[in-house]
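Here is a note for a colleague who is meeting this structure for the first time. Please read the points with the model open.

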Amino acid sequence: RTGNVWMQQIFKPEEKVVGFYKNSQGLEFEIAAFTTEMNVGENFIELFYEYYLENEWQSSNKLKIIF
C-alpha cells in the first residue's frame, strides 16, 4: 500500500514475516503476519493470519481478495 501511508505486509503460509508501516508525519513501526491458512481459488485468495505490532500479538484476521 502506498500514498500518505507506506505499508508492506507479506503473507507466506506457516511463516511469520516482518513488514513495516510508515506515514507522512514520520510515524514508523514494525508489523508482522503469521499466515495460518491460505486458500487460492479461480477468482479469489483467502488468508487467515495472526497480526503482530512491534512483535506483540494483536489479533486474528481473515482477508479475502476477489478478482
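The points below go from the whole chain to single residues.

1. Basis. This is a predicted model, in which local features need pLDDT of at least 70 and side-chain atom pairs count only at pLDDT 80 or more, while totals for chains, interfaces and linings use all residues. Residues are numbered from 1 along each chain as its sequence is written, and side-chain values use heavy atoms, with hydrogens and water left out.

2. Elements. The protein chain has 0 helices and 5 strands, in the order β-β-β-β-β from the N terminus. Helices (H or I, at least four residues) and strands (E, at least two) are DSSP runs, numbered from the N terminus.

3. Overall extent. The C-alpha trace spans about 40 × 25 × 15 Å along its principal axes. The accessible surface of the protein chain is about 4800 Å², and carbon and sulfur atoms hold 50% of that surface; areas come from the Shrake-Rupley method with a 1.4 Å probe, and for residues only the protein chains shown count as cover.

4. Of the 67 residues in the protein chain, 22% are buried. Buried means under 20% relative accessible area, exposed over 50%, and partly exposed in between (1.4 Å probe, protein chains only). Among contacts with a separation of 6 or more, 14% are between residues 24 or more positions apart; contact means heavy atoms within 4.5 Å.

5. Core. The largest nonpolar core has 7 residues: Val5, Tyr21, Ile31, Ala33, Leu47, Tyr49 and Tyr51. Strand 3 (28-40) and strand 4 each supply at least two residues of this core, and strand 4 gives the most, with 3 residues. Such a core is a set of buried Ala, Val, Leu, Ile, Met, Phe, Trp, Tyr and Cys residues joined through side-chain atoms within 4.5 Å.

6. Salt bridge. The count is 1 salt bridge, a side-chain nitrogen of Lys or Arg within 4 Å of a carboxyl oxygen of Asp or Glu. The side chains of lysine 62 and glutamate 46 form it (3.3 Å, N to O). Lysine 62 lies in strand 5 and glutamate 46 in strand 4, so the pair ties together parts that are 16 residues apart in sequence. Lysine 62 is exposed, with a relative accessible area of 52%, whereas glutamate 46 is buried at 13%.

7. Around glutamate 46. This residue is in strand 4 (residues 44-53). Leaving aside neighbours within four places in sequence, glutamate 46 is in contact with Glu37, Met38, Asn39, Lys62, Leu63 and Lys64.

8. Surface patch. Leu63, Ile65 and Phe67 form a nonpolar patch on the surface, with about 270 Å² of accessible area together. Patches are made of residues with over 30% relative accessible area and no salt bridge; like charges are joined within 9 Å, and nonpolar side chains (Val, Leu, Ile, Met, Phe, Trp, Tyr) within 5 Å. Isoleucine 65 belongs to strand 5 (residues 56-66) and is partly exposed, with a relative accessible area of 39%.

9. Backbone angles to check. Glutamate 14 is not a glycine, yet has a positive phi of about 55 degrees. Glutamate 14 is in the loop between strand 1 (5-8) and strand 2 (16-23) and is exposed at 55% relative accessible area. Asparagine 55, also a residue other than glycine, has a positive phi near 70 degrees. Asparagine 55 sits in the loop between strand 4 and strand 5 and is exposed, at 52%.
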